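Please view the sequence and the model together while reading.

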Amino acid sequence: MLSIALGFVGLLLLDLLSICLCLVQENVARSTALPRPVTVPTTDQQIFLNLPRETWCLDTCDGLCQDAWYVPATGASHHTVLLFHDFRADKAGMADYGMLFHRLNYNVVLIDNRATGQSEGKYTGYGYLERVDAQCWIDMTIAKLGTETEIVLFGTAMGAAIVAMTCGLPLPPNVRAAILDSSYTTAIDELRYQVNQAYHLPAFTVGLTSKLVKLQAGYSLDQASPLAALKSTRLPLLFIHGADDETTPVKMADELYTHYHGAKEFCVIPHAAHLQSYATDRKQYVTRIVGFLDHHAA
């Protein structure tokens, strides 16, 4: 009986390990799946993607080549925004937001996060690895556009987490403010929520997955923490979140906002699902961003 019981426990452990390895592959390793189905671009996306642009390349401190587009403002401008996209997305998917800032006469830099789009890398860092990349993109932007450049950081979902964790690093005074659309509190919280919703697996599954991520990608999921990073900055922040976000609950944004002690604003868009705040209420979205920028980055 003991040998049967031990065998049963062994099988359960193997199953658990297999599940965790699958979670690493699905959530951290670079995707090998076919590209997402192409959706019909909005008018703003079409306009923005046809604007004149340059391709910028960045060599990261760990030897990766990263890719970005630079779209200059229509008129003379010392305002620049750096855009960071969501998990499994790419810079082209940020065209709607690029057009928003282009209309505000901002220079726009759209970045392919590591392990996505045209940027190299095997693993997504949930913001922990990308925060150092973002710091380098800030330095490159200043070097290219001049020391009078004033920078705003903007990100959606994981891109928002990248922005939050970047804010926790030493930054030049050129960085004036940041906007976080649908950020999670920590990668552990986000993955635990996803695993529970999709697979109904116990919470300790994510802890084991984090240890496997450490072995493969060199960081653990508990290091990817916007909540912790925001303790190290007082940069003005605008938090935006959809009230009906089914992927990253709005309570995460509320927790980030509540625990942040710098200048801050909070905008919850009623009835908006995950990353649908802009599409759901463009007028309020733009009004809140313009008001925030006028107050903190003019």
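## A salt bridge between helices

Which side chains meet in a salt bridge at 3.2 Å, N to O? They are the side chains of aspartate 96 and arginine 282. A salt bridge here is a side-chain nitrogen of Lys or Arg within 4 Å of a carboxyl oxygen of Asp or Glu. The pair links distant parts of the chain, with aspartate 96 in helix 3 (residues 95-103) and arginine 282 in helix 11 (residues 282-296), 186 residues apart. Helices (H or I, at least four residues) and strands (E, at least two) are DSSP runs, numbered from the N terminus.

Aspartate 96 is buried at a relative accessible area of 10%, whereas arginine 282 is partly exposed at 30%. Buried means under 20% relative accessible area, exposed over 50%, and partly exposed in between, with a 1.4 Å probe and protein chains only. Asp96 and Arg282 also belong to a network of salt bridges that includes Asp44 and Arg103.

## Basis of the model

The model is predicted: local features need pLDDT of at least 70 and side-chain atom pairs count only at pLDDT 80 or more, while totals for chains, interfaces and linings use all residues. Residues are numbered from 1 along each chain as its sequence is written, and side-chain values use heavy atoms, with hydrogens and water left out.

## Further salt bridges

The structure holds 10 salt bridges. One of them joins arginine 114 to aspartate 62, with the closest N and O atoms 3.0 Å apart. This pair also links distant parts of the chain: arginine 114 lies in the loop between strand 4 (107-111) and helix 4 (130-145), and aspartate 62 in the loop between strand 1 (54-59) and strand 2 (65-71), 52 residues apart. Arginine 114 is buried, at 6% relative accessibility, but aspartate 62 is partly exposed, at 45%.

A further salt bridge is formed by the side chains of arginine 192 and aspartate 189 (3.7 Å, N to O). These two residues are separated by about one helical turn because they are three residues apart in helix 6 (residues 187-199). Arginine 192 is partly exposed, with a relative accessible area of 33%, and aspartate 189 is likewise partly exposed, at 26%.

## The surroundings of serine 210

Serine 210 is located in helix 7 (residues 204-217). With a relative accessible area of 6%, serine 210 is buried. Leaving aside residues up to four places away in sequence, serine 210 touches Ile188, Tyr219, Ser220, Leu221 and Asp222; contact means heavy atoms within 4.5 Å.
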